[in-house]
Amino acid sequence: MKVIAMNNVPVKLWVDQLDAHAWEEVNNLTTLPFLFHHLALMPDAHGGKGMPIGGVLATKGVVIPNAVGVDIGCGMCAVKTNLLVEEIPQDVLRKEIMRGIRKRIPLGREHHKAAQDEQYMPTGFDTEKMTVVNRQLVSARRQIGTLGGGNHFIELQRCNDGYLWIMLHSGSRNLGKMVGDYYNQMAETLNTRWYSSVKPDIKLAFLPLRAPEFKQYWAEMEYCVAFALANRKLMMERIEEIIAEALPNATFEPMINIAHNYAAWEEHFGENVIVHRKGAVHAGIGEIGIIPGSQGTHSYIVEGLGNPESFLSSSHGAGRAMSRSEAVRSLSLEEEIARLESQNIIHAIRGRQDLEEAAGAYKNIDEVMANQADLVRILTTLSPIAVIKG
């Protein structure tokens, strides 16, 4: 970790290289009058919208919708099975398990044709008082249990002792985007009305604690976090069913879950503040987490070390090394396919557009892990055997 100062604010960096867009966002963040203590950037950090992905920001008395992002509650889950990968027949893996997953879990922008049972939806929320969630509930019941697009994925993996793991990455689908966009627009309107010192062009409009809109956003954000978890749980449940149908002796350990786009009240450096994690995960002492690599590289199950300098946080993955358009333009389709096939990984890279999510578009996950050795400890190393991308 290294420390620099921008606008007289400490910026603590676990990242080696940061793109120009991310540096501009860091500069903007350090001008915020309500920023608390310092800004932290995880080793997978890269440019985002308002705040870099891989950024951790603590504030006093305000929440910033764009510092949470639009895929609210997006995160990872993983399950270990009792199955040895070498004992799974290839035809079972390809024809029964992988085809079964593609058949039962809608990918990309696809939704279920019928609403899913109410029992799968989050409980304990007064959704009638939520402006966005309430009008999206019917649609959300067709979205729950769906993967989404972009960097969302389902992977079957082999751990270092040979057992099969299931890992998936997904979030709150269109619901989170609707909530994020709605409250960012509301914050922009209110900030203009209040003649806020935070310039509108830096995309960091905020909602102060005493404003009723803060409470409204917070409630809807928490629902989206719960919905994203429910979405992952339903997909994992169905993947387990598919595997158990193909291999009846299969058993599954409890699911590990961790989110990486949210805000939370936490105590740091003696004060109760709002911590925004945008593409970063909570890594308290002994907390079990998941840090995925890119398609065709290692992923890791980790234990948090509770480093106060990162606001008890770590990276959420490898982090992009190039934009999607740059990846499509500059990567070699043949080389990326060869990289996966040389490892006997079942994949879905077929054309140039699929290069958006190729391993070459991402940072080296082993370098990322080395840079955060003071944030997490590796418990289990996982290698992909089959990949489904959204």
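This is a predicted model: local features need pLDDT of at least 70, side-chain atom pairs count only at pLDDT 80 or more; totals for chains, interfaces and linings use all residues.
The sulfur of Cys-77 lies 11 Å from the closest cysteine sulfur, that of Cys-74, so the two are too far apart for a bond. A disulfide here is a pair of cysteine sulfur atoms within 2.5 Å.

Residues are numbered from 1 along each chain as its sequence is written, and side-chain values use heavy atoms, with hydrogens and water left out.

Stay with the cysteines for a moment. Cys-77 is buried, at 0% relative accessible area. Cys-159 is buried too, at 3%. Buried means under 20% relative accessible area, exposed over 50%, and partly exposed in between, with a 1.4 Å probe and protein chains only.

Now turn to the sheet. Six strands form an open sheet in the order β1-β2-β3-β4-β12-β11, and the pairing is mixed. Its edge strands are β1 (2-6) and β11 (261-268), each pairing on one side only. From one strand to the next, the twist averages 25°. Strands and helices are DSSP runs numbered from the N terminus: strands (E) of at least two residues, helices (H or I) of at least four. Two strands pair if DSSP finds at least two bridges between them. Strands of a sheet pair through backbone hydrogen bonds, either parallel or antiparallel.

Look at β3 (residues 35-49) and β4 (residues 51-59). They run antiparallel, joined by six bridges. Lys-49 stands opposite Met-51 in β4.

Two helices lie across strands of the sheet. Helix α1 (residues 20-29) lies across β1, β2 (9-13), β3 and β4, at about 165° to β3. Helix α6 (residues 212-246) lies across β11 and β12 (271-278), at about 110° to β11. Axes are lines fitted to C-alpha atoms, for helices over the stretch in contact, and angles run from 0 to 180 degrees between N-to-C directions. Contact means heavy atoms within 4.5 Å.

Helix α4 (residues 131-143) packs against helix α5 (residues 173-193) at about 160°, with the axes 8 Å apart. That makes α4 roughly antiparallel to α5. Angles over 145 degrees count as roughly antiparallel, under 35 as roughly parallel, 65 to 115 as roughly perpendicular, and the rest as oblique. Residues making the contact include Val-132 and Arg-135 of α4, and Leu-175 and Tyr-182 of α5.
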